[in-house]
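Good morning, and thank you for coming. I would ask you to look at the structure on the screen while I take you through a few of its residues.

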Amino acid sequence: MYKPSFPKTFPKDFLWGGATAANQVEGAWNVDGKGLTTAEVVKKTTDRKHMSMDDVTTESIKTAVADKTDTLYPKRRGVDAYHHYQEDIKLFAEMGFKVYRFSIAWSRLFPQGDETEPNQAGLAFYDRVIDELHKYHIQPLVTLSHYEMPIGLTLKQNGWASRDTIADFNRFTRTVFTHFKGRVPYYLTFNEINTGTWGFHATGAIDTTLSKHDQLQLRYQALHHQFVASALATKQLHEIDPDAKIGSMLARMQTYPATPNPVDVRAAQLEDDKNLFFTDVQARGEYPEFMNRYFAENGIKLAMAPDDQATLAKYPVDFISFSYYMTTVTKADAAEQVNGNMATGGRNPYLKESDWGWQIDPVGLRITLDELWDRYRKPLFVVENGLGAVDQLTADRHVHDSYRIDYLRQHIQQMKAAVADGVQLMGYTMWGPIDLISFSTSEMSKRYGFIYVDQDDAGKGSLERIKKDSFYWYQKVIKSNGEDLD
Ligand code: BG6
(Lines give C-alpha, C1' and ligand atoms only; values in the text may rest on other atoms or scores of the structure.)
Protein backbone atom coordinates (compact mmCIF):
# COMPACT_ATOMS: atom_id res chain seq x y z
CA MET A 1 0.00 0.00 0.00
CA TYR A 2 1.20 3.54 -0.77
CA LYS A 3 2.57 5.21 2.33
CA PRO A 4 3.45 8.86 1.99
CA SER A 5 6.64 9.73 3.83
CA PHE A 6 6.86 13.48 3.46
CA PRO A 7 9.14 15.22 5.92
CA LYS A 8 7.29 17.27 8.50
CA THR A 9 10.14 19.66 8.79
CA PHE A 10 13.16 21.04 6.98
CA PRO A 11 15.79 18.57 5.79
CA LYS A 12 18.93 18.32 7.96
CA ASP A 13 21.13 19.96 5.33
CA PHE A 14 18.71 22.86 4.72
CA LEU A 15 20.65 25.96 3.68
CA TRP A 16 19.68 28.83 5.97
CA GLY A 17 21.25 32.18 5.25
CA GLY A 18 20.91 35.63 3.73
CA ALA A 19 21.32 37.38 0.38
CA THR A 20 22.84 40.65 -0.80
CA ALA A 21 24.11 42.17 -4.06
CA ALA A 22 27.47 43.83 -4.75
CA ASN A 23 26.00 47.14 -5.89
CA GLN A 24 23.88 47.47 -2.74
CA VAL A 25 26.50 46.61 -0.12
CA GLU A 26 30.08 46.84 -1.36
CA GLY A 27 30.65 50.54 -2.00
CA ALA A 28 34.32 51.15 -2.98
CA TRP A 29 33.02 51.93 -6.45
CA ASN A 30 36.28 53.32 -7.78
CA VAL A 31 39.02 51.44 -5.96
CA ASP A 32 41.41 48.65 -6.93
CA GLY A 33 40.72 49.06 -10.63
CA LYS A 34 36.95 48.58 -10.55
CA GLY A 35 34.99 50.08 -13.47
CA LEU A 36 31.73 52.01 -13.16
CA THR A 37 28.52 49.97 -13.46
CA THR A 38 25.01 50.51 -14.76
CA ALA A 39 23.75 50.55 -11.14
CA GLU A 40 26.06 53.44 -10.30
CA VAL A 41 24.70 55.83 -12.91
CA VAL A 42 21.09 55.62 -11.74
CA LYS A 43 20.14 58.50 -9.47
CA LYS A 44 18.39 58.05 -6.16
CA THR A 45 14.68 58.64 -6.47
CA THR A 46 12.82 61.52 -4.95
CA ASP A 47 9.55 59.58 -4.67
CA ARG A 48 10.17 56.72 -2.29
CA LYS A 49 7.24 54.59 -3.51
CA HIS A 50 7.97 54.60 -7.20
CA MET A 51 11.03 53.75 -9.16
CA SER A 52 11.46 54.87 -12.71
CA MET A 53 14.22 53.98 -15.11
CA ASP A 54 12.64 56.09 -17.80
CA ASP A 55 15.09 58.91 -17.29
CA VAL A 56 18.23 56.91 -18.14
CA THR A 57 19.57 58.31 -21.40
CA THR A 58 22.99 58.52 -23.04
CA GLU A 59 23.19 62.10 -21.76
CA SER A 60 22.30 61.18 -18.16
CA ILE A 61 24.93 58.44 -18.24
CA LYS A 62 27.59 60.83 -19.51
CA THR A 63 26.71 63.26 -16.72
CA ALA A 64 26.91 60.45 -14.18
CA VAL A 65 30.26 59.22 -15.52
CA ALA A 66 31.67 62.75 -15.21
CA ASP A 67 30.38 63.04 -11.62
CA LYS A 68 33.07 61.67 -9.33
CA THR A 69 30.96 61.81 -6.14
CA ASP A 70 28.39 59.46 -4.64
CA THR A 71 25.95 62.20 -3.59
CA LEU A 72 23.31 61.40 -6.20
CA TYR A 73 24.32 57.78 -6.62
CA PRO A 74 24.15 55.97 -3.24
CA LYS A 75 24.89 52.56 -4.79
CA ARG A 76 28.44 53.82 -5.21
CA ARG A 77 28.85 53.81 -1.43
CA GLY A 78 26.64 50.83 -0.41
CA VAL A 79 27.35 50.08 3.25
CA ASP A 80 31.06 49.77 2.58
CA ALA A 81 31.06 45.97 2.84
CA TYR A 82 34.23 46.12 0.73
CA HIS A 83 36.05 47.19 3.89
CA HIS A 84 33.69 45.65 6.50
CA TYR A 85 33.27 42.16 5.01
CA GLN A 86 35.14 40.42 7.84
CA GLU A 87 32.98 42.02 10.50
CA ASP A 88 29.81 41.31 8.49
CA ILE A 89 30.63 37.66 7.84
CA LYS A 90 31.49 37.19 11.51
CA LEU A 91 28.00 38.43 12.37
CA PHE A 92 26.43 36.10 9.77
CA ALA A 93 28.37 33.24 11.34
CA GLU A 94 27.13 34.23 14.78
CA MET A 95 23.57 33.83 13.46
CA GLY A 96 24.56 30.37 12.23
CA PHE A 97 24.39 30.99 8.47
CA LYS A 98 24.99 27.87 6.38
CA VAL A 99 25.05 29.84 3.13
CA TYR A 100 25.61 33.44 2.04
CA ARG A 101 24.29 34.66 -1.29
CA PHE A 102 26.26 37.58 -2.73
CA SER A 103 27.09 38.75 -6.22
CA ILE A 104 30.41 39.22 -7.94
CA ALA A 105 30.59 42.63 -9.61
CA TRP A 106 31.52 41.96 -13.22
CA SER A 107 33.26 45.36 -13.37
CA ARG A 108 35.67 44.48 -10.53
CA LEU A 109 37.02 41.71 -12.76
CA PHE A 110 36.52 43.32 -16.16
CA PRO A 111 36.30 47.09 -15.56
CA GLN A 112 35.03 48.02 -19.03
CA GLY A 113 33.65 44.57 -19.82
CA ASP A 114 35.64 43.92 -22.99
CA GLU A 115 39.13 43.29 -21.58
CA THR A 116 40.69 39.95 -22.41
CA GLU A 117 42.39 39.49 -19.03
CA PRO A 118 40.83 39.96 -15.58
CA ASN A 119 41.80 42.57 -13.01
CA GLN A 120 43.75 40.61 -10.37
CA ALA A 121 42.80 42.99 -7.55
CA GLY A 122 39.13 42.20 -8.20
CA LEU A 123 39.73 38.46 -8.02
CA ALA A 124 41.78 38.94 -4.86
CA PHE A 125 38.89 40.72 -3.14
CA TYR A 126 36.49 37.83 -3.77
CA ASP A 127 39.24 35.38 -2.73
CA ARG A 128 39.29 37.13 0.63
CA VAL A 129 35.49 37.06 0.95
CA ILE A 130 35.29 33.37 0.10
CA ASP A 131 38.16 32.49 2.44
CA GLU A 132 36.38 34.34 5.21
CA LEU A 133 33.14 32.45 4.56
CA HIS A 134 34.96 29.11 4.55
CA LYS A 135 36.57 29.99 7.85
CA TYR A 136 33.06 29.79 9.37
CA HIS A 137 31.86 26.90 7.18
CA ILE A 138 29.45 29.16 5.33
CA GLN A 139 28.88 28.06 1.74
CA PRO A 140 29.04 30.75 -0.95
CA LEU A 141 26.10 31.11 -3.33
CA VAL A 142 27.26 33.48 -6.05
CA THR A 143 25.02 35.53 -8.34
CA LEU A 144 26.89 36.24 -11.55
CA SER A 145 24.76 39.17 -12.62
CA HIS A 146 22.72 41.10 -10.09
CA TYR A 147 21.33 44.23 -11.72
CA GLU A 148 24.66 45.61 -12.89
CA MET A 149 27.19 45.39 -15.67
CA PRO A 150 30.18 47.51 -16.74
CA ILE A 151 28.85 50.82 -18.06
CA GLY A 152 31.50 50.52 -20.77
CA LEU A 153 29.38 47.82 -22.43
CA THR A 154 26.32 50.08 -22.43
CA LEU A 155 28.27 52.90 -24.04
CA LYS A 156 30.02 50.61 -26.52
CA GLN A 157 27.24 48.25 -27.62
CA ASN A 158 24.05 49.10 -25.70
CA GLY A 159 24.44 46.31 -23.16
CA TRP A 160 22.47 43.12 -23.68
CA ALA A 161 20.81 44.51 -26.81
CA SER A 162 24.01 43.40 -28.54
CA ARG A 163 24.79 39.76 -29.19
CA ASP A 164 28.48 40.56 -28.55
CA THR A 165 27.67 40.86 -24.86
CA ILE A 166 27.18 37.08 -24.69
CA ALA A 167 30.89 36.52 -25.38
CA ASP A 168 31.91 39.28 -22.95
CA PHE A 169 29.77 37.76 -20.20
CA ASN A 170 30.96 34.23 -20.83
CA ARG A 171 34.58 35.40 -20.66
CA PHE A 172 33.72 36.74 -17.22
CA THR A 173 31.91 33.52 -16.16
CA ARG A 174 34.75 31.33 -17.44
CA THR A 175 37.18 33.39 -15.36
CA VAL A 176 35.01 33.04 -12.25
CA PHE A 177 34.43 29.29 -12.63
CA THR A 178 38.11 28.62 -13.28
CA HIS A 179 39.45 30.85 -10.55
CA PHE A 180 37.02 29.75 -7.81
CA LYS A 181 36.85 26.10 -8.85
CA GLY A 182 36.00 23.80 -5.94
CA ARG A 183 35.28 26.75 -3.64
CA VAL A 184 31.79 27.87 -4.70
CA PRO A 185 29.18 25.10 -4.72
CA TYR A 186 26.22 27.17 -6.00
CA TYR A 187 25.81 29.82 -8.69
CA LEU A 188 22.89 31.81 -10.11
CA THR A 189 23.10 33.39 -13.54
CA PHE A 190 20.81 36.45 -13.84
CA ASN A 191 19.04 37.94 -10.84
CA GLU A 192 15.28 38.23 -11.42
CA ILE A 193 15.79 37.66 -15.12
CA ASN A 194 12.15 38.44 -15.90
CA THR A 195 12.62 42.07 -14.91
CA GLY A 196 14.56 42.56 -18.13
CA THR A 197 11.16 43.39 -19.63
CA TRP A 198 11.22 46.48 -17.40
CA GLY A 199 14.41 47.89 -18.83
CA PHE A 200 17.82 49.35 -18.21
CA HIS A 201 18.64 48.09 -14.70
CA ALA A 202 18.63 44.51 -16.01
CA THR A 203 19.44 44.86 -19.71
CA GLY A 204 21.99 47.67 -19.55
CA ALA A 205 20.33 48.88 -22.76
CA ILE A 206 19.19 52.47 -23.26
CA ASP A 207 15.78 52.35 -24.89
CA THR A 208 13.95 55.40 -23.63
CA THR A 209 13.63 57.05 -27.04
CA LEU A 210 11.95 54.02 -28.62
CA SER A 211 8.24 53.45 -29.18
CA LYS A 212 6.55 51.02 -26.75
CA HIS A 213 6.62 48.31 -29.38
CA ASP A 214 10.31 48.78 -30.24
CA GLN A 215 11.18 48.93 -26.59
CA LEU A 216 9.53 45.56 -25.97
CA GLN A 217 11.20 44.15 -29.08
CA LEU A 218 14.61 45.30 -27.82
CA ARG A 219 14.04 44.00 -24.29
CA TYR A 220 12.97 40.52 -25.38
CA GLN A 221 15.94 40.42 -27.76
CA ALA A 222 18.25 41.38 -24.88
CA LEU A 223 16.63 38.65 -22.80
CA HIS A 224 17.21 36.12 -25.54
CA HIS A 225 20.90 36.99 -25.36
CA GLN A 226 20.79 36.48 -21.59
CA PHE A 227 19.10 33.08 -22.00
CA VAL A 228 21.86 31.96 -24.36
CA ALA A 229 24.60 33.38 -22.10
CA SER A 230 23.02 31.61 -19.13
CA ALA A 231 22.91 28.27 -20.98
CA LEU A 232 26.53 28.69 -22.08
CA ALA A 233 27.55 29.52 -18.50
CA THR A 234 25.83 26.30 -17.40
CA LYS A 235 27.84 24.38 -19.99
CA GLN A 236 31.07 26.04 -18.82
CA LEU A 237 30.43 25.34 -15.16
CA HIS A 238 29.61 21.69 -15.73
CA GLU A 239 32.83 21.28 -17.70
CA ILE A 240 35.10 23.29 -15.41
CA ASP A 241 33.70 22.47 -11.96
CA PRO A 242 31.40 19.43 -12.29
CA ASP A 243 30.48 19.31 -8.59
CA ALA A 244 29.06 22.84 -8.57
CA LYS A 245 25.40 23.55 -9.36
CA ILE A 246 23.86 26.47 -11.19
CA GLY A 247 20.34 27.86 -10.98
CA SER A 248 17.96 30.30 -12.63
CA MET A 249 16.52 33.22 -10.64
CA LEU A 250 13.01 34.61 -11.14
CA ALA A 251 11.13 37.43 -9.43
CA ARG A 252 8.13 35.21 -8.81
CA MET A 253 4.86 37.03 -8.65
CA GLN A 254 1.93 34.72 -8.26
CA THR A 255 -1.15 36.22 -9.89
CA TYR A 256 -4.64 35.56 -8.52
CA PRO A 257 -7.83 36.14 -10.52
CA ALA A 258 -9.79 39.07 -9.11
CA THR A 259 -13.06 37.07 -9.29
CA PRO A 260 -14.16 33.53 -10.22
CA ASN A 261 -15.31 34.88 -13.57
CA PRO A 262 -13.55 32.60 -16.10
CA VAL A 263 -12.33 35.60 -18.09
CA ASP A 264 -10.52 36.87 -14.99
CA VAL A 265 -9.16 33.40 -14.29
CA ARG A 266 -7.85 33.22 -17.84
CA ALA A 267 -6.33 36.71 -17.61
CA ALA A 268 -4.55 35.70 -14.40
CA GLN A 269 -3.33 32.49 -16.01
CA LEU A 270 -1.84 34.44 -18.89
CA GLU A 271 -0.09 36.87 -16.52
CA ASP A 272 1.28 33.96 -14.57
CA ASP A 273 2.51 32.20 -17.69
CA LYS A 274 4.29 35.37 -18.81
CA ASN A 275 6.12 35.38 -15.47
CA LEU A 276 6.95 31.67 -15.63
CA PHE A 277 8.06 31.90 -19.28
CA PHE A 278 11.57 32.76 -18.10
CA THR A 279 11.92 29.67 -15.97
CA ASP A 280 10.31 27.61 -18.73
CA VAL A 281 13.19 28.58 -21.03
CA GLN A 282 15.93 28.14 -18.43
CA ALA A 283 14.67 24.93 -16.81
CA ARG A 284 12.89 23.19 -19.69
CA GLY A 285 15.22 24.48 -22.38
CA GLU A 286 12.71 25.84 -24.87
CA TYR A 287 10.49 28.80 -25.65
CA PRO A 288 6.93 27.78 -24.71
CA GLU A 289 4.27 27.96 -27.41
CA PHE A 290 2.19 30.51 -25.52
CA MET A 291 5.10 32.96 -25.78
CA ASN A 292 5.77 32.21 -29.43
CA ARG A 293 2.14 33.08 -29.99
CA TYR A 294 2.41 36.23 -27.85
CA PHE A 295 5.45 37.33 -29.88
CA ALA A 296 3.66 36.66 -33.19
CA GLU A 297 0.55 38.54 -32.08
CA ASN A 298 2.60 41.51 -30.91
CA GLY A 299 4.93 41.76 -33.86
CA ILE A 300 8.03 40.79 -31.88
CA LYS A 301 10.66 39.01 -33.94
CA LEU A 302 13.65 37.55 -32.15
CA ALA A 303 16.92 37.20 -34.01
CA MET A 304 18.40 33.82 -33.14
CA ALA A 305 21.63 32.21 -34.25
CA PRO A 306 21.22 28.72 -35.78
CA ASP A 307 22.50 26.94 -32.64
CA ASP A 308 20.62 28.97 -30.05
CA GLN A 309 17.66 26.67 -29.56
CA ALA A 310 19.88 23.59 -29.36
CA THR A 311 22.05 25.39 -26.77
CA LEU A 312 19.01 26.23 -24.62
CA ALA A 313 17.77 22.65 -24.86
CA LYS A 314 21.13 21.11 -24.05
CA TYR A 315 22.07 23.16 -20.99
CA PRO A 316 19.11 23.74 -18.66
CA VAL A 317 19.77 24.86 -15.10
CA ASP A 318 20.27 22.41 -12.22
CA PHE A 319 17.86 24.12 -9.83
CA ILE A 320 15.33 26.93 -9.75
CA SER A 321 15.62 29.89 -7.43
CA PHE A 322 13.32 32.82 -6.96
CA SER A 323 12.60 35.91 -4.93
CA TYR A 324 9.28 36.15 -3.16
CA TYR A 325 7.90 39.40 -1.80
CA MET A 326 4.32 39.72 -2.95
CA THR A 327 1.44 38.48 -5.04
CA THR A 328 -0.86 40.43 -7.34
CA VAL A 329 -4.40 40.27 -8.65
CA THR A 330 -5.49 40.32 -12.28
CA LYS A 331 -8.81 41.25 -13.78
CA ALA A 332 -9.66 40.96 -17.47
CA ASP A 333 -10.48 44.68 -17.39
CA ALA A 334 -7.91 46.47 -15.15
CA ALA A 335 -8.01 46.30 -11.33
CA GLU A 336 -6.89 48.96 -8.87
CA GLN A 337 -3.08 49.06 -8.97
CA VAL A 338 -0.70 48.58 -6.04
CA ASN A 339 3.07 48.94 -5.80
CA GLY A 340 6.03 46.64 -6.11
CA ASN A 341 9.59 47.82 -6.65
CA MET A 342 8.83 48.07 -10.35
CA ALA A 343 5.86 45.84 -10.90
CA THR A 344 2.38 47.02 -10.26
CA GLY A 345 -0.63 44.80 -9.97
CA GLY A 346 -4.18 44.63 -8.65
CA ARG A 347 -5.05 45.19 -5.02
CA ASN A 348 -6.04 42.16 -2.97
CA PRO A 349 -8.51 43.15 -0.22
CA TYR A 350 -7.48 40.16 1.92
CA LEU A 351 -3.86 41.21 2.27
CA LYS A 352 -1.98 43.82 4.28
CA GLU A 353 0.68 45.99 2.69
CA SER A 354 4.17 47.01 3.73
CA ASP A 355 4.98 50.70 4.20
CA TRP A 356 5.98 50.70 0.54
CA GLY A 357 2.66 49.23 -0.58
CA TRP A 358 3.93 45.70 -1.23
CA GLN A 359 1.16 43.17 -0.55
CA ILE A 360 2.23 40.71 2.15
CA ASP A 361 1.11 37.15 1.42
CA PRO A 362 2.79 34.30 3.34
CA VAL A 363 0.28 31.67 2.13
CA GLY A 364 1.16 32.71 -1.41
CA LEU A 365 4.68 31.40 -0.77
CA ARG A 366 3.32 27.91 -0.17
CA ILE A 367 1.13 28.16 -3.27
CA THR A 368 4.16 29.34 -5.26
CA LEU A 369 6.42 26.56 -4.00
CA ASP A 370 3.81 23.86 -4.65
CA GLU A 371 3.13 25.15 -8.16
CA LEU A 372 6.79 25.55 -9.13
CA TRP A 373 7.54 22.05 -7.89
CA ASP A 374 4.60 20.64 -9.87
CA ARG A 375 5.61 22.47 -13.02
CA TYR A 376 9.34 21.76 -13.05
CA ARG A 377 10.23 18.95 -10.63
CA LYS A 378 13.62 20.54 -10.05
CA PRO A 379 14.99 21.52 -6.62
CA LEU A 380 13.82 24.95 -5.51
CA PHE A 381 15.64 27.64 -3.55
CA VAL A 382 14.03 30.73 -2.00
CA VAL A 383 16.88 33.21 -2.47
CA GLU A 384 15.10 36.42 -1.46
CA ASN A 385 12.26 37.22 0.92
CA GLY A 386 12.07 39.99 3.48
CA LEU A 387 10.43 43.15 4.73
CA GLY A 388 11.58 46.67 3.94
CA ALA A 389 10.66 48.89 6.89
CA VAL A 390 11.67 52.07 8.67
CA ASP A 391 13.49 50.98 11.84
CA GLN A 392 13.94 53.11 14.95
CA LEU A 393 17.28 53.03 16.74
CA THR A 394 16.54 53.58 20.44
CA ALA A 395 18.62 55.86 22.66
CA ASP A 396 20.33 52.79 24.11
CA ARG A 397 21.09 51.61 20.54
CA HIS A 398 18.62 48.77 20.08
CA VAL A 399 16.18 48.06 17.26
CA HIS A 400 12.96 46.32 18.31
CA ASP A 401 11.76 44.97 14.97
CA SER A 402 8.97 42.59 15.97
CA TYR A 403 7.19 43.40 12.66
CA ARG A 404 10.13 41.89 10.74
CA ILE A 405 10.12 38.79 12.94
CA ASP A 406 6.35 38.37 12.35
CA TYR A 407 6.79 38.70 8.60
CA LEU A 408 9.62 36.18 8.40
CA ARG A 409 7.99 33.74 10.83
CA GLN A 410 4.82 33.57 8.75
CA HIS A 411 6.77 32.97 5.55
CA ILE A 412 8.96 30.29 7.12
CA GLN A 413 5.84 28.52 8.45
CA GLN A 414 4.46 28.37 4.92
CA MET A 415 7.78 27.08 3.55
CA LYS A 416 7.65 24.35 6.12
CA ALA A 417 4.13 23.44 5.00
CA ALA A 418 5.36 23.27 1.40
CA VAL A 419 8.18 20.94 2.44
CA ALA A 420 5.54 18.75 4.07
CA ASP A 421 3.63 18.89 0.76
CA GLY A 422 6.65 17.18 -0.79
CA VAL A 423 8.45 20.16 -2.31
CA GLN A 424 12.19 19.67 -2.62
CA LEU A 425 13.50 22.88 -1.11
CA MET A 426 17.26 23.49 -0.89
CA GLY A 427 17.33 26.56 1.29
CA TYR A 428 16.26 30.05 2.24
CA THR A 429 18.36 33.19 2.00
CA MET A 430 16.39 36.12 3.39
CA TRP A 431 16.94 39.57 1.85
CA GLY A 432 19.11 41.35 3.03
CA PRO A 433 20.54 40.25 6.37
CA ILE A 434 22.38 43.51 6.81
CA ASP A 435 20.80 46.91 6.00
CA LEU A 436 21.75 47.97 2.48
CA ILE A 437 20.92 50.49 -0.21
CA SER A 438 17.46 49.88 -1.66
CA PHE A 439 17.53 48.66 -5.22
CA SER A 440 14.46 50.56 -6.37
CA THR A 441 14.83 53.90 -4.60
CA SER A 442 18.49 53.91 -3.44
CA GLU A 443 17.30 54.85 0.05
CA MET A 444 19.07 53.67 3.16
CA SER A 445 16.00 54.11 5.34
CA LYS A 446 14.19 51.20 3.69
CA ARG A 447 15.80 48.57 5.89
CA TYR A 448 15.60 44.79 5.61
CA GLY A 449 18.41 43.63 7.90
CA PHE A 450 18.93 41.62 11.06
CA ILE A 451 21.89 43.96 11.39
CA TYR A 452 21.36 47.73 11.54
CA VAL A 453 23.92 49.89 9.76
CA ASP A 454 24.44 53.42 11.07
CA GLN A 455 24.10 55.38 7.85
CA ASP A 456 21.34 57.73 6.69
CA ASP A 457 19.96 58.53 3.26
CA ALA A 458 22.60 61.21 2.73
CA GLY A 459 25.38 58.72 3.47
CA LYS A 460 26.12 60.14 6.92
CA GLY A 461 26.81 57.88 9.89
CA SER A 462 29.52 55.82 11.54
CA LEU A 463 28.69 52.62 9.58
CA GLU A 464 28.59 50.84 12.93
CA ARG A 465 26.83 47.45 12.77
CA ILE A 466 24.17 46.88 15.48
CA LYS A 467 22.25 43.64 16.11
CA LYS A 468 18.46 44.04 15.96
CA ASP A 469 16.00 41.86 17.93
CA SER A 470 15.48 39.84 14.74
CA PHE A 471 19.18 38.91 14.79
CA TYR A 472 18.69 36.80 17.93
CA TRP A 473 15.42 35.42 16.60
CA TYR A 474 16.97 34.18 13.33
CA GLN A 475 19.84 32.70 15.30
CA LYS A 476 17.27 30.53 17.16
CA VAL A 477 15.48 29.64 13.94
CA ILE A 478 18.66 28.35 12.35
CA LYS A 479 19.83 26.56 15.49
CA SER A 480 16.53 24.67 15.70
CA ASN A 481 16.44 24.09 11.91
CA GLY A 482 13.21 26.04 11.63
CA GLU A 483 11.44 24.42 14.61
CA ASP A 484 11.65 27.31 17.07
CA LEU A 485 9.89 30.22 15.39
CA ASP A 486 8.61 31.99 18.53
C1 BG6 B 1 14.68 42.34 -5.49
C2 BG6 B 1 16.12 42.59 -5.89
O3 BG6 B 1 13.86 42.75 -6.53
O4 BG6 B 1 14.16 43.07 -4.42
C5 BG6 B 1 16.99 43.20 -4.81
O6 BG6 B 1 16.71 41.40 -6.36
C7 BG6 B 1 16.19 44.26 -4.08
O8 BG6 B 1 18.16 43.69 -5.41
C9 BG6 B 1 14.99 43.60 -3.42
O10 BG6 B 1 16.92 45.00 -3.14
C11 BG6 B 1 14.17 44.56 -2.59
O12 BG6 B 1 13.82 45.67 -3.35
P13 BG6 B 1 14.06 47.15 -2.84
O14 BG6 B 1 13.68 47.99 -3.96
O15 BG6 B 1 13.17 47.30 -1.67
O16 BG6 B 1 15.48 47.25 -2.47
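Predicted model: local features only at pLDDT ≥ 70, side-chain atom pairs only at ≥ 80, totals over all residues.

Phe97 touches Trp16, Gly17, Gly18, Phe92, Ile138, Pro433, Tyr474 and Ile478, leaving aside its neighbours within four places in sequence; contact here means heavy atoms within 4.5 Å. Phe97 sits in the loop between helix 3 and strand 2 (99-103). Helices (H or I, at least four residues) and strands (E, at least two) are DSSP runs, numbered from the N terminus. With a relative accessibility of 3%, Phe97 counts as buried. Buried means under 20% relative accessible area, exposed over 50%, and partly exposed in between, with a 1.4 Å probe and protein chains only. Phe97 and Lys479 are 382 residues apart in sequence, yet their C-alpha atoms are 9.5 Å apart in space.

Residues are numbered from 1 along each chain as its sequence is written, and side-chain values use heavy atoms, with hydrogens and water left out.

Let me turn to helix 3 itself. Helix 3 (residues 81-95) packs with helix 5 (residues 120-135) at an angle of about 10 degrees, and their axes are 10 Å apart. The axes are lines fitted to C-alpha atoms, for helices over the stretch in contact, and angles run from 0 to 180 degrees between N-to-C directions. The two helices, helix 3 and helix 5, are therefore roughly parallel to each other. Angles under 35 degrees count as roughly parallel, over 145 as roughly antiparallel, 65 to 115 as roughly perpendicular and the rest as oblique. On the side of helix 3, the residues that meet helix 5 are Tyr82, Tyr85, Gln86 and Ile89; on the side of helix 5, they are Phe125, Arg128, Val129, Glu132 and Leu133. By class, this contact of helix 3 with helix 5 has six nonpolar, one polar and two charged residues. In that count, Ala, Val, Leu, Ile, Met, Phe, Trp, Tyr, Cys and Pro are nonpolar, Asp, Glu, Lys and Arg are charged, and the others, Gly among them, are polar.

Next, an annotated position. Where does UniProt place the feature "active site"? The record, an unreviewed entry, puts this feature at Glu384. UniProt positions are given in the numbering used here, feature names are shortened, and annotations may be inferred rather than shown by experiment. Glu384 belongs to strand 13 (residues 380-384) and, at 5% relative accessibility, counts as buried. Beyond four places in sequence, the contacts of Glu384 include Arg101, His146, Asn191, Glu192 and Met249. The side chains of Glu384 and Arg101 also make a polar contact of 3.0 Å. A polar contact is a pair of N or O atoms within 3.5 Å; within protein, one must be able to donate a hydrogen and the other to accept it, and residues adjacent in sequence count only if both atoms are side-chain atoms.

Gln282 is in helix 10 (residues 262-284) and is buried, at 6% relative accessibility. Its side chain is joined to that of Ser230 by a polar contact of 3.0 Å.

Glu443 is found between strand 14 (425-431) and strand 15 (451-453), and is buried with a relative accessible area of 7%. The side chain of Glu443 makes a polar contact of 2.7 Å with the side chain of Thr441. Asp207 lies in the loop between helix 8 (200-203) and helix 9 (212-240), and it counts as buried at 3% relative accessibility. The side chain of Asp207 makes a polar contact with that of Arg219 (2.8 Å).

Is Asn158 buried or partly exposed? At 21% relative accessibility, Asn158 counts as partly exposed. Asn158 lies in the loop between helix 6 (151-157) and helix 7 (164-179), and has a positive phi of about 55 degrees although it is not a glycine. Ala28, in the loop between helix 1 (22-25) and helix 2 (58-66), has a phi near 45 degrees, a positive value in a residue other than glycine. Ala28 counts as buried, at 11% relative accessibility.
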